[in-house]
Amino acid sequence: MDFSHDILLLAQRQHAMDVEHVLTKISLLHPYESERIKLPPGSKVVKDLHISPSGKLALCASLGKKASILSMERNNFVINYELPAPAWSCSWDLDSEHHMYTGLQNGMLLLFDMRQTSGPVESMNGLTSHPIHTVHSFTDNSPLHNGGRSVLTASSIGPCVWKTGIPGERPIVVPGLENQGVCISLAYSPVTDDIVASFRPRVHTANDVVATQPSLSPSAPGRGQGVTGSHVLIKRVGGNSYHHIGSTLTCVNSVRLPKLVILNLENRNPFFAYGDESTCGLSLRELPSLYTSQSLKRNQNAILDVKHSGTSERGLLGCVSEDRLQLFYLPRVPDM
C-alpha cells in the first residue's frame with residue numbers, strides 16, 4: 001500500500017482456478033475501480049511486493065526466478081532481472097531508491113542497482129540453503145561499517161544481519177533465538193528498531209531429523225492447521241547489539257509463512273499487527289508488553305498478509321485473506 005499516493009497493489013490469480021498471476025492496482029480514492037497488470041512471462045507466483053518510497057515504482061519477487069520493477073505511472077514493467085533461483089522476498093533500500101534486495105529460495109541475498117540492468121551488483125551466500133522469506137533494509141550508523149548497507153532477513157533458522165560492500169562477509173544470526181523453533185515471519189520498525197520474530201515448533205521425523213524447510217507449494221488457507229508457536233520481541237541497540245525483550249505464546253499456522261507488521265502511532269507505544277490463526281482475525285499487541293490490545297474482524301479464511309502505510313498521525317492498516325481485502329483507518333483502530 002502507498003497511503004500518500006492513494007494506491008494499493010494486490011498480487012493474485014487471474015481467476016480462482018487459473019495458473020496465470022496478475023497484479024491488481026486499486027485507487028484508494030475509488031476502491032471499486034481497478035486495473036489488471038499482467039506479469040512478465042514466466043513469473044509464476046508472486047511471493048513479495050513493495051511500492052517504492054516515492055510511489056513511482058513497485059518491486060515484485062516471484063517464483064519464476066524473476067525480480068521485476070513496475071512503473072506505477074505507466075503500468076508496465078521497466079526492468080526484469082533473471083535470478084539464479086526463485087525469489088521469495090524483496091525490499092527497497094531505506095537510504096537509496098536506486099537499490100533493492102531480493103531473497104532467494106536457495107538462501108542467497110542479492111543487491112541490485114537499477115542503474116545497472118544486467119544483473120545484481122552483489123550476490124551473497126547465506127548460512128543455509130533455506131529460503132529467505134523476509135527482507136528489511138535498515139540504517140547502520142556504526143563507524144565500523146564504512147558506508148556499507150545493512151539488511152535484516154529471516155529464513156527458517158531465524159533473523160540474520162547482513163553487511164554489504166564487504167567482500168567475503170557472511171551474515172550473522174541474531175543471538176538468543178536458537179531454541180525458539182522454525183522462524184516463519186519477521187516484522188521490523190526502522191523508527192524504533194523493534195523486531196518481532198514469529199516461530200513454530202520444529203518437526204522431528206521418524207529418523208529424528210529436524211525439518212526446518214518451509215513448504216514450497218501453496219497450502220489451503222482454512223482452519224485446522226494451527227499449532228502453538230511464539231512471537232519474540234527483540235530490540236536493536238547500537239550497531240550490532242540485540243536485546244531480547246520478551247515473548248508470548250500464540251497459535252500459528254503449521255505450513256504457511258504469514259506477513260506481519262509493526263505500527264508506530266503518534267503519542268502511543270508501537271503495536272504489532274498479525275493474523276491470529278485461532279480466530280482468522282486481525283490482532284494488535286502493544287509493545288513492549290506484547291499484551292493483546294485489540295482483536296478485529298474475524299474472517300472465514302486465515303489472514304495471509306498484513307501491511308501498513310502512512311505516517312504516525314494517520315494511515316491505513318490492511319490485511320488480505322484468500323478471498324478478502326480489509327482496510328482499517330489509523331490511528332483509530334487501537335481505540336475500537
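I begin with Lys44, which is exposed, with a relative accessible area of 57%. Please keep in mind that the model is predicted. Lys44 lies in the loop between β3, residues 34–38, and β4, residues 46–51. Its phi is positive, about 65°, although Lys44 is not a glycine.

Asn267 is also a residue other than glycine with a positive phi, here near 60°. Where does Asn267 sit? Its place is the loop between β22, residues 261–263, and β23, residues 271–276. Asn267 is exposed, with a relative accessible area of 76%.

Let us turn to a strand. Is β9, residues 99–104, enclosed or open? Six of its six residues are buried, so β9 is largely enclosed by the rest of the structure. In a regular strand, the side chains alternate between the two faces of the sheet. In β9, His99, Tyr101 and Gly103 point one way, while Met100, Thr102 and Leu104 point the other way, and all are buried.

Next, the partners of β9. Strand β8, residues 87–92, runs antiparallel to β9 and is joined to it by five bridges. A hairpin of six residues connects β8 to β9. Five bridges also join β9 to β10, residues 109–113, again in an antiparallel arrangement. Tyr101 stands opposite Ser91 of β8 and opposite Leu111 in β10. The hairpin of β9 and β10 has four residues between the strands, and there Gly107 takes a positive phi near 90°.

Finally, a cis peptide bond joins Leu287 and Pro288, with omega about 10°. Pro288 is located in the loop between β24, residues 281–286, and β25, residues 291–296.

Notes. Residues are numbered from 1 along each chain as its sequence is written. This is a predicted model: local features need pLDDT of at least 70, side-chain atom pairs count only at pLDDT 80 or more; totals for chains, interfaces and linings use all residues. Side-chain values use heavy atoms; hydrogens and water are left out. Buried means under 20% relative accessible area, exposed over 50%, partly exposed in between (1.4 Å probe, protein chains only). Helices (H or I, at least four residues) and strands (E, at least two) are DSSP runs, numbered from the N terminus. Two strands pair if DSSP finds at least two bridges between them.
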